[in-house]
Amino acid sequence: MIYEVRTYRLKPRGVPEFIKIFGKAYEKRKNLSKLSAFFFTEIGMLNEVIHIWPYKDAGERERKRARSVSEKKYAWPPKVGHLQEHMQSEIFHPSPMTPEFPKGKMGPIFEWREYQVIPGMIGEVYKNWSKAVPKREKLSPLVMAMHTESGGLNKFVHIWSYESLDHRAEVRAEAATKGIWPPKGRRETLQIQTNKIVLPASFSPLA
């Protein structure tokens, strides 16, 4: 399984229109392939939308993307070019802990944490995390952990579900107090850490 993560930066105040146009077009596109998630930023880099597409492999991705454009019944891509300032596509592999995105309503608050990992250390990250995640997930669900195969390399993304921003603060405080989180490891693995709070669109499978 691979995930294509497409991150678009839009013109200021362009998110509502983008979601409306994209959501309408997706009603046809989902008959060919369905999203794993669709988010827009609430805190962090504003005016961003993130859509995540699952594929069995690179070959399936190429075939389905070609069909979505060539077969008129899918009405794809949506006509949103006038709203876009920047587009980025990355291919991710899911972690052993989260082989697939969950299905069903979660959130409605999601924290997207993005780490730049020291080259060659993603295996060490997963080793450390596999020991800590079971206890951490008793406090709030880990939606997905994944690392890049193409695009910006050595990037590690993990997405957490919370009931509210207050719930996030409570969970993180409890995890730190009890020594549950962050994961402990024998070696330093990270270079840069960033995060943002994202919300799901109404047509997102996680909404």
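The entries below go from the strands to a helix, then to the rings and single residues.

**Ground rules.** I am working from a predicted model, where local features need pLDDT of at least 70, side-chain atom pairs count only at pLDDT 80 or more, and totals for chains, interfaces and linings use all residues. Residues are numbered from 1 along each chain as its sequence is written, and side-chain values use heavy atoms, with hydrogens and water left out.

Entry 1: I took helices (H or I, at least four residues) and strands (E, at least two) as DSSP runs, numbered from the N terminus. I called two strands paired if DSSP finds at least two bridges between them. Eight strands form a closed barrel in the order 1-3-2-8-5-7-6-4, with antiparallel pairing. From one strand to the next, the twist averages 35°. For such angles, axes are lines fitted to C-alpha atoms (for helices over the stretch in contact), and values run from 0 to 180 degrees between N-to-C directions. A reminder to myself: strands of a sheet pair through backbone hydrogen bonds, either parallel or antiparallel.

Entry 2: I looked at strand 1, residues 2–10. Eight of its nine residues are buried. Buried means under 20% relative accessible area, exposed over 50%, and partly exposed in between (1.4 Å probe, protein chains only). Strand 1 pairs with strand 3 (residues 48–55) in the antiparallel sense, over eight bridges. There, Arg9 has Glu48 of strand 3 as its bridge partner. Strand 1 also pairs with strand 4 (residues 84–94), again antiparallel and over eight bridges. In that pairing, Arg6 stands opposite Ser89 of strand 4.

I then picked Thr7, which sits in strand 1. Thr7 counts as buried, at 11% relative accessibility. For contacts I used heavy atoms within 4.5 Å. Leaving aside neighbours within four places in sequence, Thr7 is in contact with Glu48, Val49, Ile50, His86, Met87 and Gln88.

**Entry 3: strands 5 and 8.** Strand 5 (residues 109–117) and strand 8 (residues 190–200) pair in the antiparallel sense over eight bridges. I noted Trp112 opposite Lys196 in strand 8.

**Entry 4: helix 4.** Which strands does helix 4 lie across? Helix 4 (residues 165–177) lies across strand 2 (37–43), strand 5, strand 7 (155–162) and strand 8. It runs at about 50° to strand 5. Helix 4 has 13 residues and reaches 18 Å from its first C-alpha to its last, close to the 18 Å expected at 1.5 Å a residue. The expected span is 1.5 Å times one less than the number of residues.

His167, Arg168, Val171 and Ala175 are buried in helix 4. They cover an arc of only 100° around the axis, so they lie on the same side of helix 4. That arc is taken from the directions from the helix axis to the C-beta atoms. The face turned away from the buried side carries the exposed residues Asp166, Glu170 and Thr177. The cover over the buried residues of helix 4 includes strand 5, helix 3 (122–136), strand 7 and strand 8. Just after helix 4, Gly179 takes a positive phi of about 70°.

I checked His167 on its own. His167 has a relative accessible area of 15%, so it is buried. Beyond neighbours within four places in sequence, His167 is in contact with Leu139, Ser140 and Tyr162.

**Entry 5: aromatic rings.** Rings of Phe, Tyr and Trp (its six-membered ring) pair if their centres lie within 6.5 Å; planes under 30 degrees apart count as stacked, over 60 as edge-to-face, and the rest as tilted. I get 19 aromatic pairs by this rule. Trp53 and Trp76 make an edge-to-face pair, at 5.8 Å centre to centre and 80° between the planes. Trp53 is in strand 3, and Trp76 is in the loop between helix 2 (58–70) and strand 4, 23 residues apart. Both Trp53 and Trp76 are buried.

The ring centres of Tyr115 and Phe156 are 6.2 Å apart with planes at 65°, so this pair is edge-to-face. Tyr115 is in strand 5 and Phe156 in strand 7, 41 residues apart. Both Tyr115 and Phe156 are buried. Ring pairs also link a cluster of Tyr8, Phe18, Phe22, Tyr26, Phe38, Trp53, Trp76 and Phe203.

**Entry 6: Phe92.** Phe92 and Val157 are 65 residues apart in sequence and 9.0 Å apart in space, C-alpha to C-alpha.
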